[in-house]
Amino acid sequence: MLGIAILGSGAIAAVHADAYLRHKDRCELRAVCDLYPEKAQALVESKALTKAAVYKDAEEALSRTDIDAVSVCLPPGAHAKTAIQALRAGKHVLVEKPMATSLAECDEMIKSAEDAGRLLCCVAQNRYKTPNSKVRTLLGQGVAGRVLHATVNSLWWRGGNYYDLWWRGAWDTECGGCVTSHAVHQVDLLLWMLGKPERVTAVIKNVAHDNSECEDLGVAILEYPGMLAQLTASLVAHDEEQEMIFQAERGRLSVPWKTAACRALPNGFPQDAADVKNELQARYDELPDLPLEGHPAQIGNFLAAIKGEAPLDVTGRDGRAALELIMAIYKSSALRQPVSLPLDPGDEFYRRETMTARMPRFYQKKRAVENFADAKITLGRDVGR
Ligand SMILES: NC(=O)c1ccc[n+]([C@@H]2O[C@H](COP(=O)([O-])OP(=O)(O)OC[C@H]3O[C@@H](n4cnc5c(N)ncnc54)[C@H](O)[C@@H]3O)[C@@H](O)[C@H]2O)c1
């Protein structure tokens, strides 16, 4: 039985607790930690975690020898320090997105995992959604031909008071606005499906959130050989639609799922290619649904990898790759010029201090509450539906 600690008992911690409980044949929640122990206690009670002790200090939980793995559910600014502490204490680590607030921190985390011989996994729960998984498989099989244009919409809506939580809306503690905290999901999916772009051109703005230093809107153009991808990250989209559309040589593949296909008339204008569309639909339908989705599925893989039964699906290197593309988006928007990847360790956008010094402060953060009265959150509405 693997002993688990959840570090941080805010909104996402409850999702982790539920996910571990789906695997109670192979793991037991033994420690729950929060700066506010009453929040840890509330989590223990609400999920009936009868074997879990409550801690205020993560180090105390990490000193227990019957803890094998931890979920780091802290604000982004605290991910690296706590993950490294946990790895050095010999624990396997699952860290929430974004993996950290700089590439330097990511590299330190990856090195700590290698030195300790422990697993470092970064949350990317949307990889475990049936439509995402099926579309990625179809892209890998090349059934629609070469992708020519990808449209990635990370569209969310948040009220102004969303940024009243103390760590949100500040470069140091959140590492950015919607490009980091929200679009990180689609950035990870895009990298997983199509790999890394060569160059990025981006603009960010804050159009409606006056308690945040960071952006609430961002548009990026990603250049690949023979292909363009465009990413929109927004917190002002009332319908909160998250979608990924791949227009390929033979037809369209997308999440949410929809296909279409055209072929040319003698004058070059389009005509429905119903045979291709039917073929793409059949290829989609014949792929199996995932047996488990989201956090429960990713945590299942994390536990299986600890036991040596499966390779780890999402590694620290994957979490770093997503942050690298996000940093390239910020660099391009700050410098108002295209940015080539990769970003090397000499780059200003490699370290938190030099990166945050270059970023605009759209507004000064004036309101900061330590905790909201209700910690409940919504996760992506359309992703994976
Ligand atoms: N995967 C997803 O879809 C998803 C969704 C929401 C949040 N998240 C991520 O989860 C992380 C946490 O977000 P949240 O919404 O749960 O935040 P939250 O503020 O609700 O919870 C964080 C908790 O950590 C505690 N804390 C802060 N510093 C601490 C420390 N040093 N030691 C112990 N406890 C400490 C806080 O008191 C708080 O209870 C963030 O990285 C966020 O981006 C992921």
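Visitor: How many residues does helix 5 have, and how far does it reach?
Guide: Helix 5 covers residues 103–116, which makes 14 residues. From its first C-alpha to its last it reaches 20 Å, close to the 20 Å expected at 1.5 Å a residue. Keep in mind that this is a predicted model.

Visitor: Which of the residues of helix 5 are buried?
Guide: The buried ones are Leu103, Ala104, Glu105, Cys106, Met109, Ile110, Ser112 and Ala113.

Visitor: And what covers those buried residues of helix 5?
Guide: The cover includes helix 4 (79–88), strand 5 (92–95) and strand 6 (120–122). Helix 12 (316–335) and helix 13 (352–358) are also part of what covers them.

Visitor: What comes just after helix 5?
Guide: There you find Gly117, with a positive phi of about 65°.

Visitor: You mentioned helix 12. At what angle do helix 9 and helix 12 pack?
Guide: Helix 9, residues 184–194, packs with helix 12 at an angle of about 110°, and their axes are 9 Å apart. The two helices are therefore roughly perpendicular to each other. Helix 9 passes helix 12 in a right-handed crossing.

Visitor: Which residues make that contact?
Guide: On helix 9 they are Val184, Val187, Asp188 and Leu191. Helix 12 contributes Asp318, Ala321, Ala322, Leu325 and Ile326.

Visitor: Now for another pair: how do helix 1 and helix 11 pack?
Guide: Helix 1 (residues 11–21) meets helix 11 (residues 294–306) at an angle of about 60°, with 8 Å between their axes. That makes them oblique to each other, and their crossing is right-handed. From helix 1, the contact uses Ile12, Val15, His16, Ala19 and Tyr20. From helix 11, it uses His295, Pro296, Ile299, Phe302 and Leu303.

Visitor: How many residues of helix 11 are buried?
Guide: 13 of the 13 are buried, so helix 11 is largely enclosed by the rest of the structure. Helix 11 reaches 19 Å from its first C-alpha to its last, close to the 18 Å expected at 1.5 Å a residue. Just after helix 11, Gly308 takes a positive phi of about 75°.

Visitor: Let's switch to single residues. Is Arg30 buried or exposed?
Guide: Arg30, which lies in strand 2 (residues 27–33), is buried, with a relative accessible area of 14%.

Visitor: What does the side chain of Arg30 reach?
Guide: It reaches the backbone oxygen of Asp66 at 2.8 Å. The side chains of Arg30 and Glu28 are also joined by a polar contact of 2.9 Å. Leaving aside neighbours within four places in sequence, the residues in contact with Arg30 include Met1, Leu2, Lys51, Arg64 and Ile67.

Visitor: How far apart in space are Arg30 and Glu279?
Guide: They are 50 Å apart, C-alpha to C-alpha, and 249 residues apart in sequence.

Visitor: OK, and where is Asn206?
Guide: Asn206 sits in the loop between strand 8 (199–205) and strand 9 (217–224). With 10% relative accessibility, Asn206 counts as buried. A polar atom of the Asn206 side chain lies 3.2 Å from the backbone nitrogen of Ala208, and that side chain also reaches the backbone oxygen of Cys214 at 2.9 Å. Beyond neighbours within four places in sequence, Asn206 has contacts that include Glu215, Phe362 and Tyr363.

Visitor: One last thing: is Arg336 buried or exposed?
Guide: Arg336 counts as exposed, at 67% relative accessibility. Arg336 also has a positive phi, about 55°, without being a glycine, and its place is the loop between helix 12 and strand 15 (339–340).

Conventions: Residues numbered from 1 in each chain as written. Predicted model: local features only at pLDDT ≥ 70, side-chain atom pairs only at ≥ 80, totals over all residues. Heavy atoms only, no water. Helix = DSSP H or I, 4+ residues; strand = E, 2+ residues; numbered from the N terminus. Expected span 1.5 Å × (residues − 1). Buried < 20%, exposed > 50% of the residue type's maximum accessible area, 1.4 Å probe, protein only. Contact = heavy atoms within 4.5 Å. Polar contact = N/O pair within 3.5 Å; in protein donor to acceptor, adjacent residues only side chain to side chain. Axes fitted to C-alpha atoms, helices over the stretch in contact; angles between N-to-C directions. Parallel < 35°, antiparallel > 145°, perpendicular 65-115°, else oblique. Left-handed = near helix turned anticlockwise from the far one by under 90°.
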